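Subject: Structure handover

Hello,

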Amino acid sequence: MRLLSIVGARPQFIKLAPLATAFQAAGHEHIIVHTGQHYDVGMSEVFFADLRIPEPDVNLGVGSDSHAAQTAAMLVGLEREIAAVEPTWAIVYGDTNSTLAGALAAVKIHTPLAHVEAGLRSFNRRMPEEHNRVASDHLADLLLAPSRVALENLRREGLEARSELVGDVMIDVLTRVRAAVEAEEPPLPAPVRDLTDFVLATIHRAENTDKPARLAAIVASLAALDIPVVLSVHPRLAARAAEHGLELAYGAIRPVEPLAYPALVASVLRARGVITDSGGLQKEAHALGTPCTTLRSETEWLETLEGGWNVLAADVASLADVVMRPPPDQPPTAPYGDGQASERIVALLEEHARAAI
Ligand code: UD1
């Protein structure tokens, strides 16, 4: 088969990694198109290097802009690339603007489309990711669901016939990287290296960064915690904090540059807890057995809430109590598969390609 992956943002590079390996092992031709949504070295290149993903064949260099301008520029470039490659499958990942643009460009020119990480829902229509997921799922020919909850969401939307439960490709890559960092410690930023007790924090969702009062309240409550907070600063957070005139380095907060993936995994393993609004990090914390506090009022990853491993804390007034809660008694379950999702996806792409011939 000739497979074409469309990626653009940091979490998509992580999801692409185990699939690129599996496609190569199965002897399939694999073309990678990077939209250029994320362009900083620390947000893009280091992921390709650390996770040994082949260089993208094409980078559209789209960059940051409003939703419409960014998505529209991607659509134009992706249509051209998909038409030139004529792949057996176009494959999109997750829920970013790159996912939506890839899905729409592919189906408009009748290219079979597979969606990795299908069926996630927050039911919060103010999140850009929610529109991207719903639209991409309804456009796709093959929906690859990471969890039973995701599969059930797809069934409720009438998409069951095109859906398959495969497990989560992020568990595939996490399993591999965990083993590597336990064997040899990756380079870590000074606060992670030096502190014996800390929490690791990330904030980047528009709902938390874009309103000055909300962002100021989050930063103030992190700064007031009784434990050092290593804050990995996403470019959106840096940009909004600068715009709103907010200082990040005060009180308990120790800001660090965005972490490379091995450093992130090693930091989660060392941390007492994680505070985040990222979907991926909620799951990574859960799988690594580090309690997580999520700065949102809902989550797509409901299974992480079981047993108290993840607690929603949209109201920052409750943050200190939630973050300092005792760890759960029972170990976390493994709801996102066995680390073999990529192999299942290869088999399904092969099977459904044959069925379509
Ligand atoms: C995007 C995704 C989000 C995902 C996140 C992971 C959408 C709508 N959102 O959000 O679902 O969780 O990626 O990181 O697709 N910027 C840089 N350098 C970069 C990338 C971005 O400075 O390499 C800055 C931009 O100038 C802008 C901000 O970050 O100020 C937002 O970037 P954008 O790609 O639009 O969205 P993210 O917030 O990263």
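Thr276 is buried, at 0% relative accessibility; buried means under 20% relative accessible area, exposed over 50%, and partly exposed in between (1.4 Å probe, protein chains only). The residue sits in strand β11 (residues 273-276). Strands here are DSSP runs of E, at least two residues, and helices are runs of H or I, at least four, numbered from the N terminus. Leaving out residues up to four places away in sequence, Thr276 touches Thr202, Leu281, Gln282, Cys292, Thr293, Thr294 and Leu295. Contact means heavy atoms within 4.5 Å.

Two notes on the source. This is a predicted model, in which local features need pLDDT of at least 70 and side-chain atom pairs count only at pLDDT 80 or more, while totals for chains, interfaces and linings use all residues. Residues are numbered from 1 along each chain as its sequence is written, and side-chain values use heavy atoms, with hydrogens and water left out.

**The ligand site**

The shell around the ligand holds 22 residues, of which His38, Asp40, Asn97, Glu129 and Arg236 come nearest. Near means that a heavy atom of the residue lies within 4 Å. A polar side-chain atom of Glu129 is 2.7 Å from a ligand oxygen. For Asn97 a polar backbone atom is involved, at 2.8 Å from an oxygen of the ligand. His204 places a polar side-chain atom 2.9 Å from a ligand oxygen. The ligand taken alone exposes 740 Å², and the protein buries 89% of that (Shrake-Rupley method, 1.4 Å probe; for residues, only the protein chains shown count as cover).

Helices α3 (67-85), α5 (128-139) and α11 (235-243) each give two or more residues to the shell. α11 gives the most, with 4 residues. By type, the shell divides into 7 nonpolar, 9 polar and 6 charged residues. Here Ala, Val, Leu, Ile, Met, Phe, Trp, Tyr, Cys and Pro count as nonpolar, Asp, Glu, Lys and Arg as charged, and the others, Gly among them, as polar.

**Helix α4**

α4 covers residues 97-108, and its 12 residues reach 17 Å from first C-alpha to last, close to the expected 16 Å. The expected span is 1.5 Å times one less than the number of residues. Of the 12 residues, 9 are buried; Asn97, Ser98 and Thr99 are among them. Their cover includes β1 (2-7), α1 (10-25), α3, β4 (89-93), β5 (113-116) and α5. Thr96 caps the N-terminal end: a side-chain oxygen lies 3.1 Å from the backbone nitrogen of Ser98. Just after the helix, His110 has a positive phi of about 60 degrees.

**Two histidines**

His115 is in strand β5. It is buried, with a relative accessible area of 0%. Its side chain makes a polar contact with the side chain of Asp137 at 2.6 Å. A polar contact is a pair of N or O atoms within 3.5 Å; within protein, one must be able to donate a hydrogen and the other to accept it, and residues adjacent in sequence count only if both atoms are side-chain atoms. The side chain of His115 also reaches the backbone oxygen of Gly94, at 2.7 Å.

His138 lies in helix α5 and is partly exposed, at 37% relative accessibility. Beyond four places in sequence, His138 contacts Glu157, Leu159 and Arg162.

Best wishes
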